[in-house]
Amino acid sequence: MAMIIDGKKISAEIKEELKLEVAALKERGVEVTLAVIQVGNDPASTVYVGNKKKACEFIGIRSLAYELPEETNEEELLRLIDELNAREDVNGILVQLPLPKGMDEDLVIQRISPKKDVDGFHPMNVGLLNIGQEGFVSCTPAGVIELLKRSNIEIEGKECVVLGRSNIVGKPMAALLLRENGTVTICHSRTKDLKSVTKRADILVAAIGKRGFVTADHVKEGAVVIDVGINRNEFNKLCGDVAFEEVEKVVSAITPVPGGVGPMTIAMLMKNCVKAARIQNGI
Ligand code: NDP
């Protein structure tokens, strides 16, 4: 029987730890503050932003919500980011993606001060991760590392395969596994004979956005499988990139969807906010 890695439980532990940390910072006169900007009213984004606000409230982080109308122009958004960059009482800035059509996401991300880039998307932070220096790391892959560590799964020396090479998941995931001394391979849509690569993995991270793509014949017996995918099945139920039922029978540990990687993303965002506040206040 595979160990089911419980992301809900682990993320709850992290949030409890952060609650104490935030309270201790408050006693020292630091009120951790996150500014969340949403442009337009994409329903999925509204849900994500709402969940982030709820997590802030639970932990004791002050959240400032900026809900801008769909027709906001890029200049106005950039001006708001400049303002928030300059405010000493704002520690983290998050712009909910995707932005409405016509806005240049790269330009917007690059406008956020790297010191307040709690999403870890700014090229400066991406670069710092890749040269092995301290910065902010993209929350979902950081959450995967935390899941592995808190489940006592060793990464060092392990054959790690990452399925997917996006800037927010696949690439930083590979960089983090490498930082933990894994031997890392990245696969993507042009990879040849994918199964022969994924079958080598001691740790397989699936982040491609294709429901049930990873089947039992993609995995080695006893492997650890982390499912980042968030998809919907024909009944509109959440499901991952891994065919859980059949893969679970072969592997030693696996994350479920929902309740695996998903809850970790927000927990790591909160962790980045606290880190930003500490760095900015020299604590
Ligand atoms: P992207 O669509 O940006 O990237 C998908 C990647 O998968 C690409 O690199 C693509 O390759 C690769 N890919 C697609 N099809 C195949 C295939 N048949 N074989 C091999 N590789 C393939 O997605 P994201 O990285 O943003 O997200 C991936 C999944 O993770 C999604 O389901 C998303 O919803 C979920 N997600 C979950 C989060 C969470 O909090 N749990 C947070 C972020 C994302 P190529 O580059 O060649 O096109």
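Residues are numbered from 1 along each chain as its sequence is written. Because the model is predicted, local features need pLDDT of at least 70 and side-chain atom pairs count only at pLDDT 80 or more, whereas totals for chains, interfaces and linings use all residues; side-chain values use heavy atoms, with hydrogens and water left out.

Two packed helices are described by the angle between their axes and the distance between the axes. Helix α2 (residues 43-59) packs against helix α10 (residues 262-280) at an angle of about 55 degrees, and the two axes are 10 Å apart. Helices are DSSP runs of H or I with at least four residues, strands are runs of E with at least two, and both are numbered from the N terminus. Axes are lines fitted to C-alpha atoms, for helices over the stretch in contact, and angles between N-to-C directions run from 0 to 180 degrees. The helices α2 and α10 are therefore oblique to each other (under 35 degrees counts as roughly parallel, over 145 as roughly antiparallel, 65 to 115 as roughly perpendicular and the rest as oblique). In α2, N51, K52, A55, C56 and I59 meet I266, L269 and M270 of α10, contact meaning heavy atoms within 4.5 Å. This contact of α2 with α10 comprises six nonpolar, one polar and one charged residues (Ala, Val, Leu, Ile, Met, Phe, Trp, Tyr, Cys and Pro count as nonpolar, Asp, Glu, Lys and Arg as charged, and the others, Gly among them, as polar).

Helix α6 (residues 139-150) and helix α7 (residues 170-179) pack with axes 8 Å apart, at an angle of about 40 degrees. That angle makes α6 oblique to α7. The crossing of α6 and α7 is right-handed. P141, A142, V144, I145 and L148 of α6 form the contact with P172, M173, L176 and L177 of α7. By class, the residues of this contact are nine nonpolar, no polar and no charged.

The ligand is surrounded by 21 residues, of which R165, S166, S189, K210 and T265 are the closest (a residue counts if one of its heavy atoms lies within 4 Å). Polar contacts are pairs of N or O atoms within 3.5 Å. A polar side-chain atom of R165 is 2.7 Å from an oxygen atom of the ligand, and an N or O atom in the side chain of K210 is 2.9 Å from a ligand nitrogen atom. From I230, a backbone N or O atom lies 3.0 Å from an oxygen atom of the ligand.

Most residues other than glycine have a negative phi, and most peptide bonds are trans. The peptide bond from L97 to P98 is cis, with omega near 0 degrees; P98 is in the loop between β4 (92-95) and α4 (105-111). V257 and P258 are also joined by a cis peptide bond, with omega about 0 degrees.

Methods: Polar contact = N/O pair within 3.5 Å; in protein donor to acceptor, adjacent residues only side chain to side chain. Left-handed = near helix turned anticlockwise from the far one by under 90°.
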